[in-house]
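Take a moment to turn the model around on your screen before reading on. We'll go through it one piece at a time.

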Amino acid sequence: MSDNKKTILIIEDNELNREFLINILEDYKCLEAENGKVGLEILKNHADDISLILLDVQMPVMNGYEFLNEFSLHDMYKSIPVIVITGSKISEEEKCLQIGASDFITKPYIPSVVLKRVEALIRLRESISLLNEVKYDKLTKTYTSNVFTHYFSELLKTHPRRKYTCVLINIKSFKRLNDLYGEEKCNEVLVSIASTMRSVFDNDILYGRFSSDRFAFVFESKSHDYNKLISKLKKQIYDTVNLKYFSINFAVYENVHGKMQVRTILNSLYYIINSISNQYNVDVGCFTQKDLEELEYSYFVIENMVKGLDNNEFKVFYQPKHNAKTKELCGAEALVRWNHPSKGLIPPSKFVSIFEQNGFVTKIDLFILNEVCKNLREWIDKGFKVCPVSVNLSRKDLMQIEDFSIFDQTLNKYNIDKKLIHFEITESLCEYGDDILEKVRIIHNMGYLIEIDDFGNGYSSLGIIADIPMDYIKLDMTFAQHLEKQKEVVKTIISMAHAMGVKTIAEGVETESQLSTLKDLKCDSIQGYYFSKPIPHDDFEKYIKKLQRS
Amino acid sequence: MDVKEFYDSIGGNYDTALKQLMNDNFIQKMVEKFLNDPTFQNLSIALDNDDFETAFREAHTLKGVALNFAFKRLSDVSIILTDFLRPENSTSFNPEKAKKIFIDVKVEYENVIQKINEQIKK
C-alpha cells in the first residue's frame with residue numbers, strides 16, 4: 001500500500017450502514033464487502049494489508065457466523081481481529097465469541113465508541129505480533145532486522161515531514177574471516193561492533209543487526225553529521241577489533257522520509273555496499289540520484305530481459321574486420337544490441353554486466369550464435385562469399401554450459417562450417433583458474449578457433465599465450481588510441497604472438513595513420529570505425545555485397 | 001433541507017443524529033440516499049411471500065439503518081417487528097400478528113419518505 005493509512009475490511013450488507021462506518025473511520029482505508037463470501041474473496045488478496053475486520057451478523061448469501069467459521073480455518077488470518085456488529089443480544093455475542101470474534105459493537109454506531117474499539121484492537125494486535133517476533137538478536141543484543149525495520153517504518157510514519165539518514169555497516173568478506181578465525185572469534189567481532197555502537201550512539205539513534213555480517217542505524221538528519229558519526233564509529237571499531245584482514249564499509253542514504261518504503265531504502269543500501277565492496281580504497285558510499293536511476297534501470301533490465309528475448313528485441317550487429325595489408329574483408333565480430341519497443345536502443349553497458357551476473361548472458365550468447373549461423377546460411381544461399389564471424393563467450397557461459405556440443409548442433413542446424421565461427425573470450429578469464437581454461441581447451445579441440453579479447457587490458461602477461469589455446473589475440477582498443485606511445489609494446493606483442501603461431505587483430509582503429517602504423521608493425525587484421533562501426537543485418541549484407549562487386 | 005425541522009417532523013432525534021453522523025451535510029446526503037434504500041421493499045415482499053426468514057433479516061437491517069439515522073419512531077417499531085420475527089421465537093410465531101406490526105412500520109417508513117421528499121422540494 002502506498003499510503004500509510006491502515007486498512008479495515010467492512011463486511012455488511014446494507015450500503016447505508018457501510019457508509020455510516022466509513023464516515024466514522026475517515027482516518028482509515030476501508031474495503032467493503034456486501035456479504036461474507038465477498039469478504040473472504042477480498043481477504044484472499046489483501047490479508048497482509050488488513051488490520052481489522054468489522055463484521056455484520058445478519059447478511060444474505062453468507063452471514064457473519066458462516067464467515068467466522070470459514071475465517072477461523074485459515075492460519076494466515078489468525079492475527080486479524082474481528083469486531084462483530086450485533087443487535088445487542090447476549091446469545092449472539094456469545095456465539096460469535098466462541099468462533100473467534102474479538103469484540104462487539106451495536107447499532108447505532110457512536111463514533112467515539114467505534115473509533116476507541118477499533119484503535120484499541122489494532123494497537124493490541126500490533127504489539128502482540130511484534131512480541132511474537134524475537135525482538136533482540138541473541139548474540140549482539142541489538143534489534144533483529146524485523147524489529148529494526150518495524151521501528152524504522154513507524155518512525156517515518158509518525159514524523160512524515162522529518163528527514164532521516166540511514167547507514168548500513170558491512171563487514172567485508174565475513175565468510176573468509178569465518179574460515180580464517182572460526183565462528184567463535186567472528187561472533188566476538190560482532191559483539192564488539194554492537195557494544196561500540198551502544199557506547200558511541202546517543203539515545204536518538206535507532207540501530208539493529210542485519211543478516212550475519214551487517215548492522216544498520218538511522219537518525220534524524222539534522223541532529224547528527226553522518227561523516228562524524230561514521231569516523232568516530234570506525235575508529236572505535238578498528239581500535240577494539242584488532243584482527244588482520246578485518247575491514248568494514250558503510251553505505252549511506254541521506255534524507256529518507258515518510259513517503260519512502262523502508263524495504264526500498266535498505267535495498268538501495270545493499271546496492272551501494274555491493275558496488276563499493278570491490279574498491280579497496282573506498283569504505284563509505286552514498287546513495288545518490290544517479291544510483292537510484294541506475295538501480296531502477298537495472299530492475300527494468302532484469303524485469304524485461306526474458307520478454308525481450310521472446311519478442312526478438314535482441315539484434316545481432318556485425319563489425320567488419322579487414323586484412324591490414326590487402327584491406328580485404330576477412331571477418332566480423334557479432335555484437336548484441338537490445339532494441340526495446342519503448343526505451344529504444346539500450347546500450348550494452350547497461351545490460352551486459354547484469355546478464356553476466358545473473359547468468360542470462362548464456363541465453364543471449366547462444367541466441368547470438370544461432371542468429372549468426374542463420375544469417376550466414378542466408379548469405380551463402382544468396383551466393384555471397386562469407387567470412388568468419390566471431391561470437392563472444394563469457395566466463396558464465398563456460399561455467400554454465402554443461403555440454404558444448406550445443407555449438408555443433410547449432411552449426412549443423414544451418415549446415416555451417418566450423419571455420420566460419422570463432423569464439424571470443426576475454427583475457428581476464430585467465431584469472432579464473434584451470435577448470436575454465438580446460439573448458440576453453442575442449443572448445444578448441446572441437447575445432448573452433450579462439451580469439452582472446454581485450455588483450456593487454458591490464459590483466460595479462462604474454463605468458464598466458466602459452467596457457468590458453470588461442471588462434472588470435474585482439475589488441476585492446478587503448479593500444480590503437482595511444483599507438484605512438486605504445487608502439488614498442490605493440491610491436492613486441494605482435495612479434496611474440498607471431499612467433500607462437502597466433503594472429504593479431506587491432507581493435508578501435510579509427511584513422512588512416514593508425515592503420516598504416518599497425519600495418520608496418522605487421523598486425524594482421526584491423527577492426528574499427530576506420531572501416532565500419534557495428535552495423536545491423538541488412539547493412540552488413542549490403543556491405544559484403546558491395547565488396548564482392550568491386 | 002432544514003435537517004432539524006425534518007427530524008422533528010418524523011419523530012426523529014436530531015441531537016442524537018448529530019452526535020452519530022457528525023454534521024448536517026453528511027446527514028442530508030445520507031437522508032437523500034435513504035430514498036433508494038431497498039430494505040423496506042425487500043421486507044414488504046418477503047412478508048407477502050410468507051418468507052419470514054428473509055423478513056427477519058430485512059427487518060433487522062431496517063432497524064439498524066433507522067438507529068444509525070436516529071429515526072426514533074421508525075427504529076422503535078422496527079425493533080418490535082424484528083424481535084417478533086426472530087427465529088428463536090418461531091414456536092409461538094403468529095404470521096397474522098407479524099403483518100399487523102408491519103403496518104406500523106409501513107406507516108412510519110412512508111411518513112419518513114414523504115417528509116424527505118417534501119424537504120427536497122423546498
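What follows is a walk through the sheet of chain A and then the place where the chains meet.

Keep in mind that this is a predicted model. Let's begin inside chain A, with its sheet. Here you'll find 5 strands in an open sheet, ordered S2-S1-S3-S4-S5, and the pairing is parallel. Strands of a sheet pair through backbone hydrogen bonds, either parallel or antiparallel. Now look at the two ends of that order in chain A: strand S2 (29-33) and strand S5 (103-106) are the edge strands, and each has a single partner, so one side of each is left without a neighbour in the sheet. The sheet isn't flat, either: going from one strand to the next, the twist averages 25°.

For a closer look at one pairing, pick out strand S1 (residues 7-11) and strand S3 (residues 50-56) of chain A, which run in the parallel sense and are joined over 5 bridges. If you find Ile10(A), you'll see Leu54(A) of S3(A) standing opposite.

Next, the helices that pack on this sheet. Helix H2 (residues 36-46) of chain A lies across S1, S2 and S3 of that chain, and its direction is at about 135° to S2(A). Helix H3 (residues 64-71) of chain A also packs on the sheet, where it touches S1, S3 and strand S4 (82-86) of chain A. The angle between H3(A) and S3(A) is about 145°.

Now zoom out to see both chains. How many residues of chain B are in contact with chain A? There are 23, and they meet 21 residues of chain A. Together the chains bury about 2000 Å² between them, with carbon and sulfur atoms giving 59% of that area.

The chains share 2 salt bridges. One of them joins Glu19(A) to Lys33(B), with the closest N and O atoms 2.6 Å apart. Polar contacts between chain B and chain A come to 7 residue pairs.

So which parts of chain B do the touching? Helix H2 (14-21), helix H3 (24-34) and helix H5 (52-69) of chain B each supply at least two residues to the side facing chain A. H5(B) gives the most, with 10 residues.

Conventions:
Residues numbered from 1 in each chain as written. Chains lettered and ligands numbered in written order. Predicted model: local features only at pLDDT ≥ 70, side-chain atom pairs only at ≥ 80, totals over all residues. Heavy atoms only, no water. Contact = heavy atoms within 4.5 Å. Buried area = accessible area lost by both parts, 1.4 Å probe. Salt bridge = Lys/Arg side-chain N within 4 Å of Asp/Glu carboxyl O. Polar contact = N/O pair within 3.5 Å; in protein donor to acceptor, adjacent residues only side chain to side chain. Helix = DSSP H or I, 4+ residues; strand = E, 2+ residues; numbered from the N terminus. Pairing = 2+ DSSP bridges. Axes fitted to C-alpha atoms, helices over the stretch in contact; angles between N-to-C directions.
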